[in-house]
Structures are given as C-alpha cells and as structure tokens.
Amino acid sequence: MSFLKKLLVTAAFSAAMFVNAAYAENVKIALVVKSLGNGFFDAANKGAEEAAKELGDVDVIYTGPTKATAEAQIEVINSLIAQKVNAIAVSANDADALVPVLKKAMDRGITVISWDSGVAKEGRQLHLNPSDTNLIGETIIKLAADYLPEGGDVAILSASSTATNQNSWIEAAKKVLPEKFPKIKLVATVYGDDDSAKSTDEAKGLLKSYPNLKAIIAPTTVGVVAAAQVVTDEGLIGKVNVTGLALPSEFKKFIDNGASQAVALWNPIDLGYSAIYLAHDLAVKKEEAKPGATLSIGRVGKVTLDDTNSAAMAPPFQFDKTNIEKFSKIY
C-alpha cells in the first residue's frame with residue numbers, strides 16, 4: 001500500500017472514530033433546584049442519578065443557588081446555557097421571572113421542563129407536578145383538621161411568596177376550607193423563604209401574634225422542621241400541632257416527641273427520577289409535549305399532559321407514628 005493510500009485510510013479511520021465518539025457523548029441534563037443544601041432536593045437528586053444510570057447515556061448536573069431566589073437561579077441557568085447542556089429540568093423560585101432566560105435556552109435548542117415548582121407555560125415544554133394541586137391543598141388542611149375535632153385557629157408557614165407550587169397549594173387549601181373544614185380558621189400565611197433561620201423567626205412570630213393558635217401548617221420541608229423545633233423548644237407540645245409536607249428522615253424525631261401528629265409527602269426520589277426521564281425523552285427521543293400526550297416516567301409509570309402541558313406524578317402519602325420509622329430509612 002502506498003504511503004498516500006495509508007495516509008488516506010488512517011485519516012478516514014480517525015474521522016470515523018471522531019464521529020462515533022461525538023455520538024457516544026452522554027446527554028447532559030441539569031437538575032436545577034430552588035436552593036442547595038435542602039434535603040428534599042438532595043433526595044430528588046438520588047432519583048435523578050438512578051434514572052441516569054438506568055438510561056445509560058445521561059450525565060446529571062445537580063445545581064442551584066445557595067439562596068432560594070429567582071435572580072440566583074437565573075445566574076445558574078445562564079451558566080448552563082453557556083455550557084451547552086442538552087436539557088434543563090428546573091424547580092422554580094418564581095414562575096414568571098425565569099421565563100426570559102428559559103426562552104433563551106429553548107432558542108439555543110435546549111430542552112426545558114419544570115418539575116416540583118412550575119414555570120409559566122411559555123417558559124418550558126412541560127411541567128411535572130409531584131401530585132395533584134387540589135389534592136395537596138386539601139391534604140395539608142386535613143392533616144391539621146383530623147386532630148382538631150372542635151376546630152380552631154391555624155396558620156400557614158410557606159416558602160417564598162413567589163414559589164409557584166406553594167402558592168397553588170395554599171389557594172387550593174383556602175378554597176376547600178368553607179365546604180369541608182368549616183371549623184378550621186386560617187388566621188395567617190407567612191413566608192420563611194425556605195431558609196431555616198427565617199422560618200424559625202416566622203414560626204415564633206405566629207405563636208406570639210396568635211396565642212390561640214392550634215396548628216402550624218408548613219407545606220415546605222424546611223419550614224415544617226423549623227416550626228416543629230420552635231414548638232419543641234417553647235414547651236408547646238400538645239398545645240400546637242405542626243404539620244404539612246416533610247421528609248420522614250428529617251422529621252421522625254418530631255413525630256416521636258409529639259410536636260407533630262402526622263405529615264405527608266410524595267417520594268422525592270421518584271420525583272427527581274421522573275424529571276430526568278421526561279427531560280431525556282424530549283431531548284433524545286424527540287417526544288412531543290402536547291396536551292393529551294402520554295409520556296413514560298420509567299419505573300414510576302406514565303403521565304398524561306393536560307391543556308397546560310402539565311401532569312401529576314402521584315398522590316401524597318401520610319406519615320405518622322405507625323410508619324415513619326420505616327420510611328425515615330428511605331428518604
């Protein structure tokens with residue numbers, strides 16, 4: 001074989017290897033959370049990594065700001081756009097503020113979905129709710145009402161005032177109160193911004209402002225722990241019940257000591273897992289996100305998109321003294 005022919009064969013082989021390597025490069029999916037250092041999102045990342053391993057061609061970039069603000073998330077997303085990730089799955093601190101930067105991502109060919117806390121429709125291709133919004137709203141009120149047969153004053157300690165999911169659940173809770181829980185009086189809604197110190201201060205403020213308060217409902221895993229710790233520290237166990245949405249692993253001690261009778265949550269591991277599956281299938285398999293479409297979420301099952309291209313994963317699950325020991329070892 002002549003030198004020139006050998007050179008051409010070698011060049012062709014190298015080119016083929018380069019093409020194959022390019023196709024073999026893993027899909028980069030960013031799991032963007034409201035804030036880092038949050039046990040709920042750490043658990044969701046475990047599910048994301050499980051999905052990545054199962055799919056086989058995915059690298060998960062677990063990221064988010066240190067403070068749960070829209071401005072901080074925008075900085076994170078701009079960085080991901082510069083990195084040319086294939087997909088972004090975001091739990092939003094603000095439904096509207098993230099729209100421009102997420103539109104920018106989609107204009108660059110990046111698949112964008114929201115999960116947990118949604119983005120306005122024009123800023124994403126689909127949204128995965130952890131559960132049905134109305135069901136969550138009713139559940140958080142029922143968790144308090146079940147242990148207040150005579151009714152009484154309750155207050156809500158939420159995350160940030162712009163958190164899409166929190167606001168939707170609170171509105172759903174307010175709507176169901178007159179019909180199903182007429183003895184329960186919602187006296188206040190305050191915001192701890194998913195920050196432990198601020199949530200603690202807000203819980204103390206509620207107890208001071210409303211001396212007849214019977215329950216604090218916190219539909220946030222950060223707030224519910226902070227409120228239960230305040231009730232414990234101030235010697236109010238048996239007088240004020242703390243309930244809401246909690247991670248069993250973080251909250252077991254408050255069920256054990258009586259600061260809380262029961263809480264609820266869906267499986268955050270399954271939620272992170274499902275978000276990666278959806279982002280992957282839109283980015284790689286080019287599945288179309290449209291009303292009525294049924295999409296796979298792997299071992300969790302399937303979801304069907306509604307008119308807003310949103311879907312719900314699963315009903316919330318209740319934890320109390322009978323079962324929290326078991327689930328606290330899982331998440």
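Is phenylalanine 327 buried or exposed? Phenylalanine 327 is buried, at a relative accessible area of 16% (buried means under 20%, exposed over 50%, partly exposed in between, with a 1.4 Å probe and protein chains only). The model is predicted: local features need pLDDT of at least 70, side-chain atom pairs count only at pLDDT 80 or more, and totals for chains, interfaces and linings use all residues. Residues are numbered from 1 along each chain as its sequence is written, and side-chain values use heavy atoms, with hydrogens and water left out.

Aromatic pairs were examined next. Rings of Phe, Tyr and Trp (its six-membered ring) pair if their centres lie within 6.5 Å; planes under 30 degrees apart are stacked, over 60 edge-to-face, and the rest tilted. This rule gives nine aromatic pairs. One of them joins phenylalanine 317 and phenylalanine 327. This pair is tilted, with 5.1 Å centre to centre and 55° between the planes. Phenylalanine 317 belongs to strand β14 (residues 317–319) and phenylalanine 327 to helix α11 (residues 324–327), so the pair ties together parts ten residues apart in sequence. Helices (H or I, at least four residues) and strands (E, at least two) are DSSP runs, numbered from the N terminus. Phenylalanine 317 is partly exposed, at 39% relative accessibility.

Phenylalanine 319 and tyrosine 331 form an edge-to-face pair, because their ring centres are 6.2 Å apart and their planes stand at 75°. Phenylalanine 319 is in strand β14, and tyrosine 331 is in the segment after α11, twelve residues apart. Both residues are buried. Phe317, Phe319, Phe327 and Tyr331 make up one aromatic cluster.

A charge also sits over a ring (NZ of Lys or CZ of Arg within 6 Å of the ring centre and within 35 degrees of the ring normal). Arginine 299 lies over the face of tyrosine 273, 4.3 Å from the ring centre.

Helix packing was described for α3 and α4. The axes of helix α3 (residues 70–83) and helix α4 (residues 99–107) come within 10 Å and cross at roughly 10°. Axes are lines fitted to C-alpha atoms, for helices over the stretch in contact, and angles run from 0 to 180 degrees between N-to-C directions.

Two backbone sites complete the picture. Most residues other than glycine have a negative phi. Lysine 84, not a glycine, has a positive phi of about 60°. Lysine 84 lies in the loop between α3 and β3 (87–90) and is exposed at 69% relative accessibility. Aspartate 193 also has a positive phi, near 60°. Aspartate 193 lies in the loop between β7 (184–191) and α7 (196–209) and is partly exposed, at 28%.
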